[in-house]
Amino acid sequence: MSTIPLSALKPGQSASLVGCEFMPKAMHLRLQELGFIPGTRVTCLYESPLGDPCAYRVPDGVFALRARDACRILVQCP
């Protein structure tokens, strides 16, 4: 299995969340509150016409993340 940034997922692809790197603590904690917890399944649902932001589904809902934030979240592809 390979570890890639969340921003590399294309619409329809899913991966398991590994963790965050080089992210401000407040942002990291907020993402955890929203359901971005290690081991959670994340699916890329939509990509805006210009490619930024993208919508991601986690068990607690659907959230849009900018590419600059999504590139700091690591996921593991099957």
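This is a short walk through the fold of one protein chain.

The model is predicted, so local features need pLDDT of at least 70 and side-chain atom pairs count only at pLDDT 80 or more, while totals for chains, interfaces and linings use all residues. Residues are numbered from 1 along each chain as its sequence is written, and side-chain values use heavy atoms, leaving out hydrogens and water.

Start with the parts list. The protein chain has 2 helices and 6 strands. These are DSSP runs, numbered from the N terminus: helices are H or I with at least four residues, strands are E with at least two. Along the sequence, the pattern reads β-β-α-β-β-β-α-β. The radius of gyration, taken over C-alpha atoms, is 11 Å, close to the 12 Å from the globule rule for 78 residues, so the chain is as compact as a globular protein of that length. That rule is 2.2 Å times the number of residues to the power 0.38.

Now the sheet. Its 6 strands form an open sheet in the order β1-β6-β2-β3-β4-β5, with antiparallel pairing. Two strands pair if DSSP finds at least two bridges between them. The edges are β1 (2-5) and β5 (61-65), each pairing on one side only.

Look at one pair within the sheet. Strand β2 (residues 14-20) and strand β6 (residues 73-77) run antiparallel, joined by 4 bridges. Here G19 stands opposite L74 in β6.

Finally, the whole chain. Its C-alpha atoms fill a box of roughly 30 × 25 × 25 Å along the principal axes. Of the 78 residues, 32% count as buried, meaning under 20% relative accessible area (1.4 Å probe, protein chains only).

Key. Buried means under 20% relative accessible area, exposed over 50%, partly exposed in between (1.4 Å probe, protein chains only).
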